[in-house]
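Subject: Handing over the model

Hello,

Here is the model I promised to pass on to you. Please open it alongside this email, and then read on for what turned up.

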Amino acid sequence: MTELLPMATSFFPDPSTDTGLYILISLLYLAGAIGFVLSLKWMSDAKTARKGIFAGEIGFVLAIIGTLLLPVITTTGYIYIAVAMLIGAAIGVPLGLLVPMTAMPQRIALSHAFGALAAGLVGIAKFYDATPDINWFVMAVLGIEITLGALVFTGSLMAAGKLQEVKWLAQRPIVFPLQKTLNFAVLGLAVLMVIILAVDPSQVWAIPVIIVAGLAFGVLLIIPIGGADMPTVIALLNSYAGIAAALLGFVLENNLLIVAGALDGMSGLILSIIMCRAMNRSFRNVLFGAFGATEAEWGEQEVGSIRSASFDEAGEILKNSRLVVVVPGYGMAVAQAQHKVRELADTLEKEGVEVKYAIHPVAGRMPGHMNVLLAEANVPYEQLIDMEEINPEFPQVDVVLVLGANDVVNPAARHDQKSPIYGMPILDVDKAATVMVVKRSMRPGFAGVENELFFNEKTLMVFGDAKDVMGELITEISGNRDSINV
Amino acid sequence: MNVSVEFIMTGLFVFALAGFLGFETIRRVPRLLHTPLMALTNALSAISLVGSIVVLGGQYTAYTTILGFVAVIASMINVVGGFLITDKMLKMFKPREKPKKPEAAEAEASS
């Protein structure tokens with residue numbers, strides 16, 4: 001192993017000869033980092049969150065100015081930079097403004113891919129630029145960084161593809177024998193290459209192997225993932241992308257990269273932990289990509305009889321309630337029913353019925369998915385209630401309207417130890433006086449589990465597309481046939 | 001390229017402290033805003049743009065310049081797209097406009 005050399009060949013101007021510029025750039029980076037921290041701090045409240053965006057943007061502008069002042073950048077370099085930035089901005093603006101809210105999960109996944117691509121490419125460029133003059137520590141960091149960049153790139157593209165329901169990508173989780181062994185072998189190969197390079201950084205051939213292994217691992221990681229695991233996976237990829245950026249900061253001797261990367265990595269980590277808890281998965285289990293394990297040949301249990309309600313019956317019951325709680329799930333997103341839901345809530349409120357929304361942390365395909373969709377439909381955020389807060393209220397609720405949610409309201413999670421979802425915290429909708437489930441058919445949910453809620457004597461099934469059903473209910477309640485709009 | 005021991009140690013300091021700060025700050029973000037939070041941190045982690053600019057602008061070899069060019073484009077997409085989309089999302093999160101509605105409901109309930 002080469003020794004750690006105390007000599008630095010930084011991009012920074014020499015502090016002893018170019019003191020003024022050195023201080024200026026350092027302060028700009030510091031201000032940038034403060035901007036980033038403030039932007040996250042203001043994100044803790046919906047009232048200040050937009051101010052936070054502004055702080056983040058200012059931070060970014062300062063960071064870019066500081067970087068452009070670096071003396072290593074050549075005159076033609078500035079032209080290239082300007083061109084590349086313009087191209088990036090030209091692609092970024094439509095991706096920021098035109099993507100509909102319903103496509104948000106895949107949009108977020110796609111942006112992880114871009115971030116990882118950039119971090120990975122910079123790492124690779126640094127390697128080829130510096131080899132073989134790289135000490136073992138920097139080489140190890142660089143190797144891990146490139147591996148992470150590659151795996152997040154393909155992993156995020158795969159996730160985005162699955163979420164977009166691209167035709168040639170299997171939506172169902174694919175499980176095959178020795179899958180975990182293969183995954184570990186591929187990851188092990190990358191780790192081995194990193195070790196080889198750390199010992200001897202002149203082994204240039206190892207870098208393509210790392211890249212290919214990383215890219216392959218990203219694909220393998222997502223293959224066994226189904227829709228219900230997506231929130232966890234997206235949060236995890238978010239975290240990995242941040243860690244890659246922080247590692248890059250070590251290689252480039254740039255504290256700002258370390259700060260921003262650490263913040264992003266931590267954010268993804270916190271979200272992953274929240275998602276894991278909400279699904280009763282161990283974090284270690286998720287960290288190593290052992291997803292989709294609950295997808296099993298879980299047997300059929302006793303199936304009772306169901307009661308279904310017609311639209312006018314359902315409308316009558318809703319109209320005569322005091323408190324109605326809507327439980328949205330991915331089905332609402334698929335049917336794009338959020339606006340109709342809001343209309344129904346408005347209609348009910350006009351009749352003097354109070355309406356709230358119960359949000360399970362893993363409802364949908366990414367953290368906070370239901371909140372964004374309902375916010376888009378102009379539901380005031382005070383009405384969006386987290387699981388822990390709404391659960392004690394259910395005994396006082398007259399009607400729960402379950403809309404495209406399934407596993408998150410299955411009481412089997414509380415008592416049936418054989419159920420794959422046993423132990424998962426759920427919304428206790430069965431404690432309400434009446435449960436109304438809007439569903440297209442009797443097909444079981446993602447986990448392949450029959451939902452005993454449907455056979456509960458309090459439950460009324462309302463069959464149909466969520467959007468159509470909402471339209472029908474609005475008509476029934478307002479008694480105005482003209483407003484049919486389906 | 002050899003990063004100095006001093007920088008590695010300072011870097012670890014910065015990493016650990018930023019990590020703790022991030023943990024304590026982000027823990028306070030309500031679930032309501034988790035999607036905008038992800039979009040925002042995505043934009044922030046596009047700080048790789050700084051590294052990309054150096055690699056591209058430094059003009060080391062044709063090879064690194066091409067990699068840098070693509071890296072600048074990719075991270076710039078995230079910076080611009082990330083901030084725009086976060087703002088677009090946050091604009092949708094509105095409090096209740098008329099606070100008289102819940103009172104009406106309560107009056108109904110008590111009668």
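Helices (H or I, at least four residues) and strands (E, at least two) are DSSP runs, numbered from the N terminus. This is a predicted model, in which local features need pLDDT of at least 70 and side-chain atom pairs count only at pLDDT 80 or more, while totals for chains, interfaces and linings use all residues. Residues are numbered from 1 along each chain as its sequence is written, chains are lettered from A and ligands numbered from 1 in the order in which they are written, and side-chain values use heavy atoms, with hydrogens and water left out.

The sheet in chain A

Chain A holds an open sheet of six strands in the order S3-S2-S1-S4-S5-S6, with parallel pairing. Strands S3 (384-386) and S6 (459-463) of chain A are at the edges with a single partner strand each, so one side of each has no neighbour in the sheet. From one strand to the next, the twist averages 25° (axes are lines fitted to C-alpha atoms, for helices over the stretch in contact, and angles run from 0 to 180 degrees between N-to-C directions).

Inside the sheet, S4 (residues 399-403) and S5 (residues 434-439) of chain A run parallel and are joined by five bridges. For Val400(A), the bridge partner in S5(A) is Val435(A). Helix H13 (residues 338-350) of chain A lies across S1 (323-328), S2 (354-359) and S4 of chain A, and runs at about 145° to S2(A).

Where the chains meet

How many residues does each chain bring to the contact? Chain A brings 125 residues and chain B 89, where contact means heavy atoms within 4.5 Å. Together the two chains bury about 9,400 Å², with 75% of it on carbon and sulfur atoms; buried area is the accessible area (1.4 Å probe) that two parts lose on being put together, summed over both.

Two salt bridges cross this interface, a salt bridge being a side-chain nitrogen of Lys or Arg within 4 Å of a carboxyl oxygen of Asp or Glu. Asp87(B) forms a salt bridge with Arg50(A), with the closest N and O atoms 3.1 Å apart. On the chain B side, helices H1 (5-26), H2 (34-45), H3 (48-58), H4 and H5 each supply at least two of the residues that touch chain A. H4(B) gives the most, with 28 residues.

Over all chains, the search finds twelve salt bridges. Lys126(A) and Asp129(A) form a salt bridge, their closest N and O atoms being 3.8 Å apart. These two residues are three apart in helix H4 (residues 104-130) of chain A, which means that about one helical turn separates them.

The complex has an ipTM of 0.87 and a pTM of 0.87 from the predictor. pLDDT, the predictor's confidence in each residue, goes from 0 to 100. Chain A averages 87, and 91% of its residues score at least 70. Among the elements of chain A, helix H2 (residues 49-68) has the highest mean pLDDT (95) and helix H10 (residues 283-287) the lowest (66). Chain B averages 86, with 86% of the residues at 70 or above. Among its elements, helix H4 (residues 62-92) of chain B has the highest mean (94) and helix H5 (residues 100-110) of chain B the lowest (49).

Best wishes

Terms used:
Two strands pair if DSSP finds at least two bridges between them.
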